[in-house]
Amino acid sequence: MPTNIGNGRERCSDTIYLDSLAQARNLPEPVLQSTIQDTRKALQRRAFRKKYSVPLHVNLAELRNEREQYYRNGIYCAERIEQGVDGRLRTHYCNGRLCPICQAIRTAKGINKYLPAIQSFADPYFLTLTRRTVQGEHLRPTIRQMKGEFSLINDLARKNGKVHGLRKLEVIYNGETGLYHPHFHMILDGEEVASFVLKEWLKRNRFSAHRDAQELQAIEPGDSTGIRKLFGYITKLVTEVEEEKIPVPSEALDVIVAALFNSRTLQPYGSLIQAARDTEKIKATDVEAYETPYGFTIGKWILWEWEQRLATWVDKQTGALLVEPPTEKIRVKNNRF
Ligand SMILES: [Zn+2]
């Protein structure tokens, strides 16, 4: 998880806390300080995401359909952060598809689990497979059909040797047309297999897929930008209408969530299957690692509660803030959150 021992070397004002924690953990003080600094930054990014996530999920819940409770869970994701006497922070996550907090954790986990395996590919290729855009009511059956076609192609490709790769499903909403664009991004090992998959895809989608809309390119050694794309959102939360960026309407996001309900969006093949376990599901142990160790005072139990107005978590007993509210300077990877 992203608890990289970074460059942060700012001194924490509470040296008593640091001393006792350092002794307890046998960590050199500079290492401990930078860990705390990293956690502070992670919490600020989380506050930024939470501030954005609350109205997003409130609007979705207000659609008042059968997914209302699912969206309400999103509103309360990481709502309360419990600081234990050991200085560790714990919270509950909604694991929602559109939740920016949970997505950030999934992205970090995906990169950690798959990136080393992908980087060991001898000849990695990036492939995008698309079809014509569809209306909302046709989205789920279209996705099912695309997955079926892909698995037939995969079976054929395997006759010529094992297929190693990762396939990610994404759905983009077009605000101008009101249509949905489901497509696969994937990374495959070997030009031959990637070209074969593309050729078969075009053959099977003669009337709904054009060659120009597909993308096939070699991944340059050391280039992880394309690879990282695979671990981002299942959809974009903004769309363009008359050259102006606007948020995707809640109704359209709901169509995408409904279409992807109980459907896998990240599918590993070959050698990546071993690296796959638990990638989509978030476990408490992972998220604890994400946030620990941190705390202003050791030996004190504190319940930090989210305050949307302040955009941070507050100790209601003392009015103290867990972290300073995020500023516009807090930029999150990919400019997404
Ligand atoms: Zn969440």
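The protein averages a pLDDT of 83, and 81% of its residues score at least 70. Here pLDDT is the predictor's confidence in each residue, from 0 to 100. This is a predicted model: local features need pLDDT of at least 70, side-chain atom pairs count only at pLDDT 80 or more, and totals for chains, interfaces and linings use all residues. Residues are numbered from 1 along each chain as its sequence is written.

Confidence is highest in helix H8 (residues 250-259), at a mean of 98. Confidence is lowest in helix H1 (residues 15-25), at 40. Helices (H or I, at least four residues) and strands (E, at least two) are DSSP runs, numbered from the N terminus. Residues 1-24 have pLDDT below 50. Where pLDDT is low, the predicted coordinates should not be read in detail.

Now to strand E3 (residues 124-130). 6 of its 7 residues are buried, so the strand is largely enclosed by the rest of the structure. Buried means that 20 or more other C-beta atoms, placed from the backbone, lie within 10 Å of the residue's own. E3 pairs with strand E5 (residues 179-189) over 7 antiparallel bridges. Two strands pair if DSSP finds at least two bridges between them. Leu129 has Phe184 in E5 as its bridge partner. E3 also pairs with strand E6 (residues 215-218), antiparallel, over 4 bridges. There, Thr128 stands opposite Glu215.

Elsewhere, 4 strands form an open, antiparallel sheet in the order E2-E1-E10-E11. Its edge strands are E2 (89-90) and E11 (312-315), each pairing on one side only. E10 (residues 302-307) joins E11 through 4 bridges. Glu307 stands opposite Thr312 in E11.

Key
Two residues are in contact if their C-beta atoms, placed from the backbone, lie within 7 Å. A residue is buried if 20 or more other C-beta atoms lie within 10 Å of its own, exposed if 12 or fewer, and partly exposed in between; C-beta atoms are placed from the backbone.
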